[in-house]
Amino acid sequence: MSQPSTIRLERTTRQTAKITFANPPANVVIPETVVTLHRIVAELEADPDIQVVVFTSEVPDFFFNHFDGSAAELPVPEHEDDNPVWTDLVLRLSKAPYVSIASIRGRTRGAGNELALACDLRYASRERAFFGQPEVGIGIVPGGGGSERLPRSIGRDRALEAILSSADYDAELAERWGWVTRALPDADLDAFVDAMTARLASFDRQALATAKSAVNRATLPPDADLVASYEAFAETLTNPGFSARATRLGEFVADKGLEVEYQLGEYTGLVNQNL
């Protein structure tokens, strides 16, 4: 019997769709997640009616998390000139003719944060959303657009702090820095996102797509930069420094369980002690 998918697609109206992340207990990213999400994003891109796509989670306390350690198992591109599948996914999402909205409630780290950054609009629960790029803390580097998109959102120095420290940041600070579009009281998040989705879906599809394309020309990083970052990420997966830190983090997971996911910023600091 096959395992259920970690991604669920729901067509909410003719013009709108919802993509729900569902990989309990911590919504970590596995190869099936990436392959399925890539297929869905591409299919919606070709849909002549779709105008707004909302990303959300059904896992309490986790929106979309980091890779589970299986990033090296992602499928190899079919053709030599094709982008890596994760890179192609985030590039397609940021350029898609529909508006993408991340409705963020819970921890959003690593690949999950990079997916959120590729979305057009990010609305976060003020009380329950947290953000981070934890890669450097375990001896690797961001590989899916974090190094390219985060500086464009929050500035070079703040992006360096976030990426180099591998710390977690709450939604209030993320809003102040420009990491998210806005943070809202948790009780208001769903209604706000629903209202924004309905408003955008009522507009002319071509006007939305053309306006987004114009903003993209002024703001998106070059595709080649994201490809280069993924290559650097893949290379660091073979570094001895990563192997030692991954082993140490695995020991914490075996001992502390889900607590490590809740406090990953703290544990990435502990990983580097006594190495």
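**Briefing: a charged loop and paired strands**

Glu-80 lies in the loop between β4 (62-64) and α2 (85-95). Helices (H or I, at least four residues) and strands (E, at least two) are DSSP runs, numbered from the N terminus. The model is predicted: local features need pLDDT of at least 70, side-chain atom pairs count only at pLDDT 80 or more, and totals for chains, interfaces and linings use all residues. Residues are numbered from 1 along each chain as its sequence is written, and side-chain values use heavy atoms, with hydrogens and water left out.

**The charged loop**
- Glu-80 is exposed, with a relative accessible area of 81%; exposed means over 50%, buried under 20%, and partly exposed in between (1.4 Å probe, protein chains only).
- Glu-78, Glu-80, Asp-81 and Asp-82 form a negative surface patch.
- Residues in a patch have over 30% relative accessible area and no salt bridge, with like charges joined within 9 Å and nonpolar side chains (Val, Leu, Ile, Met, Phe, Trp, Tyr) within 5 Å.
- A salt bridge is a side-chain nitrogen of Lys or Arg within 4 Å of a carboxyl oxygen of Asp or Glu.

**Strand β3**
- In β3 (residues 52-57), six of six residues are buried.
- Val-52, Val-54 and Thr-56 point one way from β3, and Val-53, Phe-55 and Ser-57 point the other way.
- Strand β2 (residues 16-21) pairs with β3 in the parallel sense over six bridges; pairing requires at least two DSSP bridges between two strands.
- Thr-16 stands opposite Val-52 in β3.

**The open sheet**
- Four strands form an open sheet with mixed pairing, in the order β4-β6-β8-β9.
- Its edge strands, β4 and β9 (169-170), each pair on one side only.
- Strands β6 (residues 107-109) and β8 (residues 130-132) run parallel and are joined by three bridges.
- Arg-109 stands opposite Gly-132 in β8.

Methods
Accessible areas come from the Shrake-Rupley method with a 1.4 Å probe; for residues, only the protein chains shown count as cover. Lys and Arg count as positive and Asp and Glu as negative; His and the chain ends are not counted. The place of a charge is taken as NZ of Lys, CZ of Arg, CG of Asp or CD of Glu.
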